[in-house]
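Here is a friendly tour of one model, written for someone who likes to know the cut-offs behind each term. Please keep the viewer open as you read.

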Amino acid sequence: MEHRRLGKSGLRVPALSFGTGTFGGGNDFFKGWGSTDSNGAARLVDICLDHGVSMFDSADVYSDGLAEQILGQAIKGKRNRVLISTKATFPLGDGANDYGSSRQHLIEAVDKALQRLGTDHIDLFELHGQDNNTPVEETLATLDQLVRSGKIRYIGGSNFSGWHLMKSLAVSDRYGYPRYVAHQAYYSLLNRDYEWELMPLGVDQGVGAVIWSPLGWGKLTGKIRRGQPAKPGMRAHDIAGTGPQFEEERLFRIVEVLDVVSAETGKTLPQIALNWLLRRPSVSTVIIGARDEAQLVENIGAVGWVLTPEQIARLDQASDVAAAYPVWHQRGFPMLNERGC
């Protein structure tokens with residue numbers, strides 16, 4: 001397994017990480033992702049470690065904390081072999097302070113996550129979303145306190161706007177607080193908005209991308225095609241309407257090119273889509289998920305080989321979409337951006 005630095009931090013992470021959103025199935029939404037129990041999770045963790053996938057991502061809202069709890073059980077006796085990343089910010093309860101990135105909520109959220117995970121520290125703690133209600137200074141001062149206490153080691157954001165991420169980095173630099181070294185963001189062949197602003201920011205500021213839903217919310221598996229809609233058991237069917245928006249015709253166009261590349265390489269469509277992401281600037285690790293062992297082993301097969309430049313160009317062309325302003329205007333002056341990112 002290839003290892004990469006997480007942003008410009010000293011921490012090295014595997015190119016592929018494992019996401020635990022399929023653990024638990026504790027509510028209707030997450031049942032659409034999966035319902036892996038403790039025994040199944042332990043087996044998936046073992047397969048991951050056998051293949052060098054040593055980083056496991058979770059969040060307090062995944063099945064209302066059940067995913068963290070199952071992950072904690074699955075890594076018992078193996079804590080020194082794994083990296084744990086988890087997240088908080090989204091609502092987890094009905095209380096007035098049961099959400100957000102305030103000092104009140106974050107300290108409580110970290111303590112509860114540590115209890116559920118059965119560990120004394122979190123290797124990477126990320127804010128699950130952008131909280132526009134809490135001053136950035138309060139959030140970062142709290143994260144600084146948690147790092148100094150040893151409860152968390154590295155910090156990151158998730159689903160941030162570029163301006164909010166840059167503002168946070170500036171505040172960290174001003175006061176000497178820890179910097180975000182990771183940004184967990186959505187990015188796939190199906191939706192490439194990440195490239196417009198967040199990618200060049202990540203390259204410039206040393207913020208590594210931790211990619212979630214790299215298969216476009218399950219739509220780049222080849223199971224959805226022209227005349228072949230989503231079937232029961234798929235997220236696109238069971239929780240239709242959730243996840244990233246996309247144009248159906250564009251999905252079909254991408255899948256058709258994936259089919260061609262699959263025939264050329266002998267690799268599956270998911271493996272090709274994941275490998276494409278691993279070649280992109282700023283990407284530190286790509287989070288894969290799996291409901292069963294076969295799916296996990298297939299996804300791990302995305303590493304250890306590379307697409308040719310010509311194959312990448314075809315995938316780029318098939319998945320290209322008109323950029324939003326001001327990106328389309330800026331692209332008209334390539335001499336002002338020689339780095340090309």
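Helices (H or I, at least four residues) and strands (E, at least two) are DSSP runs, numbered from the N terminus. This is a predicted model, in which local features need pLDDT of at least 70 and side-chain atom pairs count only at pLDDT 80 or more, while totals for chains, interfaces and linings use all residues. Residues are numbered from 1 along each chain as its sequence is written, and side-chain values use heavy atoms, with hydrogens and water left out.

**Backbone features**

Most residues other than glycine have a negative phi, and most peptide bonds are trans. With that in mind, look at N159, which sits in the loop between strand 7 (152-158) and helix 6. Its phi is positive, about 60°, although N159 is not a glycine. D64 also has a positive phi, near 55°, and is placed in the loop between strand 4 (55-57) and helix 3 (66-74).

How accessible are these two? Buried means under 20% relative accessible area, exposed over 50%, and partly exposed in between (1.4 Å probe, protein chains only). D64 is exposed at 52%, and N159 is partly exposed at 33%.

A cis peptide bond, with omega about 5°, joins Y325 and P326. P326 belongs to the loop between helix 12 (309-319) and helix 13 (327-330).

**One face of helix 7**

Which residues of helix 7 (residues 198-205) are buried? They are L198, M199, L201, G202 and Q205. Viewed down the axis of helix 7, these buried residues fall within an arc of 165°, so they line one face of the helix; the arc is that of the directions from the helix axis to the C-beta atoms. Helix 6 and strand 8 (180-186) are among the elements that cover them, where contact means heavy atoms within 4.5 Å. After helix 7 comes G206, with a positive phi near 70°.

**Aromatic pairs**

Rings of Phe, Tyr and Trp (its six-membered ring) pair if their centres lie within 6.5 Å; planes under 30 degrees apart count as stacked, over 60 as edge-to-face and the rest as tilted. The structure holds twelve such pairs. Two of them are set out here:

| Pair | Centre to centre | Angle between planes | Class |
|---|---|---|---|
| Y186 and W212 | 5.0 Å | 40° | tilted |
| W212 and W217 | 6.2 Å | 75° | edge-to-face |

Y186 in strand 8 and W212 in strand 9 (residues 208-212) are 26 residues apart, and their pair links distant parts of the chain. Y186 is buried at 14% relative accessible area, and W217 is buried at 7%, whereas W212 is partly exposed at 22%.

**The cavity**

On a 1 Å grid over the protein atoms alone, a cavity is a set of points where a 1.4 Å probe fits but cannot get out, and lining residues have an atom within 4 Å of a point. Grid points are joined across faces, edges and corners, and a volume is the space filled by probe spheres set on the points.

How many cavities of 30 Å³ or more does a search of the whole structure find? The search finds one, and the largest cavity holds about 60 Å³ of space. Its lining consists of S101, L127, D131, T134, P135, V136, T139, F160, H164, S168 and Y180. Helix 5 (136-148) and helix 6 (162-175) are the elements that give two or more residues to this lining.

Notes: 1 Å grid on protein atoms, 1.4 Å probe; cavity = no way out; pocket = protein on both sides within 12 Å on 5 of 7 lines; lining within 4 Å.
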